[in-house]
Amino acid sequence: MTTKQVGTPEAPASPFLEDDFGFAIGVIFRAYARAVEATVADLPGGPRGYFILAAAVRGEAGSQRSLADRLGIDRTMMTYLLDDLEKEDLVERKLDPADRRSRKIVATERGSALWEDLHSKVDNIDGLLLSVLPEESQCDFREMLFAIARQVRLNEEGPAEAAKAENSGPEKPGRRRRARPNV
């Protein structure tokens, strides 16, 4: 009985780490991050600025604090990023009518136009990365990836935070909480 050695032409070597889930995600992430970083390099904050602008254009930015938490950006760093994006006339911080202590981040006309241009370029990057898959599988892959990301986010926030986010909304007019005395 003869045995085939791994790595010989008769028995090709198994892939080195390519079939490891974590390794594969890392390879994909690094390729995506490099390409997106090069595409949005001129935007203040680079990729972080792009995601802030995307949230503002889509009307999903909310307050500075909530966006910093969602994107995993230090609150002080978020202030600097927003300052830079405002200097370039890409976003504005406007008073939130539901909470006068808070400011909502909204895209300017210039910011929306720039995001449209950058978004189409980022979509091309997505398409290139997914081009290895059959066309009918690309949409399914995206949906599965989004489902995993949503679940990971819920797990990280925990049940209390998820319920709080689900039930949050503007406070009813006329119902103010009374301030508690400092004791």
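Begin with the hairpin, in which 2 residues join strand 1 to strand 2. The model is predicted, so local features need pLDDT of at least 70 and side-chain atom pairs count only at pLDDT 80 or more, while totals for chains, interfaces and linings use all residues. Residues are numbered from 1 along each chain as its sequence is written, and side-chain values use heavy atoms, with hydrogens and water left out.

**Strands.** Select residues 91-96 and 99-107: these are strand 1 and strand 2, paired in the antiparallel sense over 6 bridges. Strands are DSSP runs of E with at least two residues, helices are runs of H or I with at least four, and both are numbered from the N terminus; two strands pair if DSSP finds at least two bridges between them. Within the pair, Leu 95 stands opposite Arg 103 of strand 2.

**Core.** Next, select Val 91 and display its contacts (heavy atoms within 4.5 Å). Leaving aside residues up to four places away in sequence, Val 91 touches residues including Leu 53, Leu 82, Glu 86 and Ile 105. Val 91 is also among the residues with the most contacts inside the largest nonpolar core, which has 24 residues; Leu 43, Tyr 50 and Met 78 are others. Such a core is a set of buried Ala, Val, Leu, Ile, Met, Phe, Trp, Tyr and Cys residues joined through side-chain atoms within 4.5 Å. Helices 2, 3, 4 and 5 each give two or more residues to this core, and helix 2 supplies the largest share, 6 residues.

**Salt bridges.** Now select Asp 83 and Arg 93, whose closest N and O atoms are 2.4 Å apart in a salt bridge. The term denotes a side-chain nitrogen of Lys or Arg within 4 Å of a carboxyl oxygen of Asp or Glu. Asp 83 lies in helix 4 and Arg 93 in strand 1, so the pair ties together parts that are 10 residues apart in sequence. Arg 93 is buried at 19% relative accessible area, whereas Asp 83 is partly exposed at 27%; buried means under 20%, exposed over 50%, and partly exposed in between (1.4 Å probe, protein chains only).

Move to Glu 60 and Arg 70, which meet in a salt bridge of 3.9 Å, N to O. Glu 60 belongs to the loop between helix 2 and helix 3, and Arg 70 to helix 3.
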